[in-house]
Amino acid sequence: MMDLLRLCRLYYSIPMALTFTLTVYYARGGQMEDQWWPLALATVALGMVIAAAYVLNDVLDIFVDRINAPKRPLAANRVSRKAATILAICLGLIGILLGCYGAALVWRLWFGYTLSTVVVGLLFYDLFSKRLGIGKQWFVATLMTCIYPLALAQADGARGSRAWPLLTFAIWMFVSTYAFELLKDLRDREGDAQAMGKLNLIQRYPLFWQKVASALIVTGGIALMVAMRLGMGTIYALGVFACLIPTIIFVIRVTDIQKKIRLLYMEFILVGILTTLDVIVYGF
């Protein structure tokens, strides 16, 4: 059971789903009324769809993972491919049904359509990620940033004093996810090249792409600072200068790629905490 849960990457899927919840709250300007139950369904649905995508990715990339990450449940043969495939299908189907049901409760049909499009995108990525080359990072960043159009579809648009910061957060999400995926591919470049039998541009020029990742992380930091001028409160502003900017500096200065990845993940979590605390204290 624990190995099946590990396949779901809960440390990714849960924060992503909660980011969607917070974004809907921002987009509606805090005016939730009878929206909490449909939002809860939509959040669970999105979390299940994301978890399904991670499980399916491990099923399809098992041969690469045996080189890059041999301790993962599938690569280490602690879970069978059949069991993992069944889990991915169940999570995906239940997630889609829950999402469409929650959307129908409040006539947010665009959420159902958008979620289905995201599912197709995730399936395409899982099937062809190793063949996308340098387009892989762009594709993942686009899928991640789909959290925002999903939230706007669920919220029926954006309103209130905190609507504009959502634009800068979407920019931050895109460039930071792009950098995150670059760093992961740089970490795994030797195993990926061995599994695919050829080098792509990232594997050929790792130092250049590390610089690209650093530039993207800085761009994301600028977007976070712009959000301060577009309606965010004091707690968020203090957090940017006290926590986020130092974290970004550490990410750029650290030479070990695995540490960079962990620090960038910490940045994602910090942004979620700060944006939640800020709206709890100051409201709309």
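A residue is described here as buried when its relative accessible area is under 20%, as exposed when that area is over 50%, and as partly exposed in between (1.4 Å probe, protein chains only). By this definition isoleucine 222 is partly exposed, because its relative accessible area is 47%. The structure is a predicted model, in which local features need pLDDT of at least 70 and side-chain atom pairs count only at pLDDT 80 or more, while totals for chains, interfaces and linings use all residues. Residues are numbered from 1 along each chain as its sequence is written, and side-chain values use heavy atoms, with hydrogens and water left out.

Isoleucine 222 is found in helix H12, where helices (H or I, at least four residues) and strands (E, at least two) are DSSP runs numbered from the N terminus. Isoleucine 222 belongs to a nonpolar patch on the surface, which also contains Trp164, Leu167, Ile171, Val218, Val226, Leu230 and Ile252. Together these residues have about 700 Å² of accessible area, as given by the Shrake-Rupley method with a 1.4 Å probe, with only the protein chains shown counting as cover for residues. Patches are made of residues with over 30% relative accessible area and no salt bridge, like charges being joined within 9 Å and nonpolar side chains (Val, Leu, Ile, Met, Phe, Trp, Tyr) within 5 Å. Helix H9 and helix H12 (206-228) each supply at least two residues of the patch, and H12 gives the most, with three.

In soluble globular proteins, nonpolar side chains tend to be buried together. A nonpolar core is taken as a set of buried Ala, Val, Leu, Ile, Met, Phe, Trp, Tyr and Cys residues joined through side-chain atoms within 4.5 Å. The largest such core holds 69 residues, of which Phe20, Phe111 and Tyr236 touch the most other members. Helix H9 (residues 165-187) contributes the largest share of this core, twelve residues. A second, separate core comprises 14 residues, among them Leu7, Ala51, Ile62 and Val79. Contact is defined by heavy atoms within 4.5 Å. Apart from its neighbours within four places in sequence, tyrosine 236 is in contact with Phe169, Leu224, Ala227, Met228, Leu274, Thr275 and Asp278.

Helix H3 (residues 36-60) has 25 residues, and at 1.5 Å a residue it should span 36 Å; the expected span is 1.5 Å times one less than the number of residues. The end C-alpha atoms of H3 are 36 Å apart, in agreement with that value. H3 is mostly covered, with 20 of its 25 residues buried. Leucine 46 has its place in this helix and is buried, with a relative accessible area of 2%. Leaving aside neighbours within four places in sequence, leucine 46 is in contact with Met16, Ala17, Phe20, Leu115 and Leu150. Between leucine 46 and methionine 16 there are 30 residues of separation in sequence, and their C-alpha atoms are 8.4 Å apart.

Side chains of opposite charge can pair when their charged atoms come close. A salt bridge is assigned where a side-chain nitrogen of Lys or Arg is within 4 Å of a carboxyl oxygen of Asp or Glu, and the structure holds nine. In one of them, the side chains of aspartate 58 and arginine 72 meet at 3.8 Å, N to O. Aspartate 58 lies in helix H3 and arginine 72 in the loop between H4 and H5, so this pair ties together parts that are 14 residues apart in sequence. Aspartate 58 is buried at 1% relative accessibility, whereas arginine 72 is partly exposed at 27%. Arginine 72 also forms a salt bridge with aspartate 65, with the closest N and O atoms 3.2 Å apart; aspartate 65 is buried at 8% relative accessibility. Arg9, Asp58, Asp65 and Arg72 are linked in a network of salt bridges. A further salt bridge joins the side chains of aspartate 188 and arginine 187 (3.0 Å, N to O). Aspartate 188 is buried at 15% relative accessibility, and arginine 187 is partly exposed at 32%.

Arginine 9 lies in the loop between helix H1 (2-7) and helix H2 (10-27) and has a phi near 50°, a positive value in a residue other than glycine. Arginine 9 is buried, with a relative accessible area of 7%. Asparagine 77, in the loop between helix H4 (62-68) and helix H5 (81-105), likewise is not a glycine and has a positive phi of about 65°. Asparagine 77 counts as exposed, at 58% relative accessibility.
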